[in-house]
Amino acid sequence: MGNCWCRREPSVHRVSSNTKSESPKEKSPSVNAMKDDSKLPSNPEEVEHLRRSSAANPLIVFTFNELKIITGNFRPDHMLGGGGFGSVYKGFIDEDLREGLQPIPVAVKVHDGDNSYQGHREWLAEVIFLGQLSHPNLVKLVGYCCEDEHRVLIYEYMARGSVENNLFSRVLLPLPWSIRMKIAFGAAKGLAFLHEAEKPVIYRDFKTSNILLDLDYNAKLSDFGLAKDGPVGDKSHVSTRIMGTYGYAAPEYIMTGHLTPRSDVYSYGVVLLELLTGRKSLDKSRPAREQNLTDWALPLLKEKKKFLNIVDPRLEGDYPIKEVHRAAMLAYHCLNRNPKARPLMRDIVDSLEPLQVSCEVSNEKSNWTVIIESPNEAFQRKEDAQCN
Ligand SMILES: Nc1ncnc2c1ncn2[C@@H]1O[C@H](COP(=O)(O)OP(=O)(O)O)[C@@H](O)[C@H]1O
Ligand SMILES: [Mg+2]
């Protein structure tokens with residue numbers, strides 16, 4: 001979350017929901033509609049009422065005491081990550097916790113508890129968005145806790161953690177090309193689903209730390225704290241306070257605050273570049289002209305003789321050149337400074353489909369042996385040269 005800006009500034013930013021009304025006459029409750037922070041539902045009854053009126057997915061309301069049991073009292077060695085507004089712990093819902101609950105591993109995100117409306121707003125946005133959206137490429141929200149000052153989210157546990165942890169790890173073996181394309185494909189399908197929803201949603205914080213991976217490297221978008229309802233009717237954009245992450249946010253959004261689905265497409269292009277190059281979107285440890293990945297890579301992408309120079313050297317040339325070229329061209333189009341010239345997420349999904357290889361990654365079936373050592377640190381041994 002190091003590059004994130006504005007996440008903690010008081011009040012001004014408006015997170016909204018994509019709430020659907022149950023009857024056409026009923027007005028949709030929406031976090032977005034509540035411009036005045038003091039009107040945000042903040043006590044458990046109001047939150048539950050707002051959520052139920054838009055509910056699609058059943059969510060479990062946990063007590064804070066139950067979360068202590070689930071996480072072993074928030075054991076520091078069970079921490080999976082920390083970010084903009086809290087810490088994420090691995091936990092387990094035991095059958096004995098409450099009658100009728102399925103035993104499953106979960107991730108528990110605890111908001112800092114600084115009592116800021118900002119944190120409450122982001123928490124509420126996640127409860128509302130993930131409470132009604134459901135897709136194989138979005139992380140599943142199991143439940144939440146809203147007790148006194150505690151604001152907690154409970155998600156399905158994603159065994160391989162974030163793409164950031166996998167792609168930039170010094171411990172893990174480099175992700176093979178086929179897995180990188182599987183991740184790009186899954187994340188693109190998640191974004192396409194949001195953009196094509198009945199009430200379109202702009203994700204606004206697309207980056208490698210917000211894409212999570214299950215055991216089979218299926219990618220799921222998580223962290224909907226900054227998600228926003230897309231423009232409706234003949235509106236081309238929504239105006240917002242500028243929030244997001246340096247290195248990923250679209251230039252026109254940074255300059256004007258005008259948010260469109262094409263802002264997500266730009267961020268998608270940055271992530272595709274990170275998958276291609278194995279470099280972070282911003283890396284202060286590199287020479288000055290290479291610190292901003294997009295500035296460095298963009299001129300090289302379109303030169304047929306040079307684009308291979310930017311491919312991740314850790315792949316050791318183990319990739320199909322034609323496909324790398326197609327992915328590089330796709331990234332190039334996503335990063336067009338003119339938002340209207342960028343492809344739609346649906347076009348991106350279609351372009352990536354032919355780059356998928358049928359490579360089942362599981363402990364038994366593949367020639368990738370995977371040993372889970374700790375929640376987020378898996379040690380991978382590559383038995384054969386390449387998955388395909
Ligand atoms: N469901 C989950 N399963 C496994 N790890 C997770 C899960 N949710 C979050 N994490 C880990 O915690 C990190 C921060 O989570 P995120 O939801 O992005 O919080 P923040 O709002 O603080 O950025 C992620 O990058 C990931 O490493
Ligand atoms: Mg995050």
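Select Lys109 to start: this residue sits in strand 5, which runs over residues 104–111. The model you are looking at is predicted.

Stay on Lys109 and show the surface. Is Lys109 buried or exposed? Its relative accessibility is 10%, and buried means under 20% relative accessible area, so Lys109 counts as buried. Lys109 also carries a label from a record: the unreviewed UniProt entry has a "binding site" annotation that covers this residue.

Next, select helix 7 (261–277) and helix 8 (293–301), then the loop between them; Ser281 lies in that loop. With a relative accessible area of 3%, Ser281 is buried.

Which residues does Ser281 touch, leaving aside those up to four places away in sequence? Select them in groups:

- Tyr246, Gly247 and Tyr248 are among the residues in contact with Ser281.
- Val270 and Glu274 are also touched by Ser281.
- Gln291, Asn292 and Leu293 complete the list of contacts for Ser281.

Now zoom out and switch to a cartoon view of the protein chain. Its secondary structure comes to ten helices and 16 strands. The protein chain has 388 residues, and 56% of them count as buried.

Contacts can be viewed for the chain as a whole too. Among contacts in the protein chain with a separation of 6 or more, 66% are accounted for by residues 24 or more positions apart.

Finish with the surface of the whole chain. The protein chain exposes about 17600 Å², and carbon and sulfur atoms supply 51% of that area.

Notes: Residues numbered from 1 in each chain as written. Chains lettered and ligands numbered in written order. Predicted model: local features only at pLDDT ≥ 70, side-chain atom pairs only at ≥ 80, totals over all residues. Heavy atoms only, no water. UniProt positions renumbered as here; feature names shortened; annotations may be inferred. Helix = DSSP H or I, 4+ residues; strand = E, 2+ residues; numbered from the N terminus. Buried < 20%, exposed > 50% of the residue type's maximum accessible area, 1.4 Å probe, protein only. Contact = heavy atoms within 4.5 Å. Areas by Shrake-Rupley, 256 points an atom, 1.4 Å probe, with all protein chains shown as cover.
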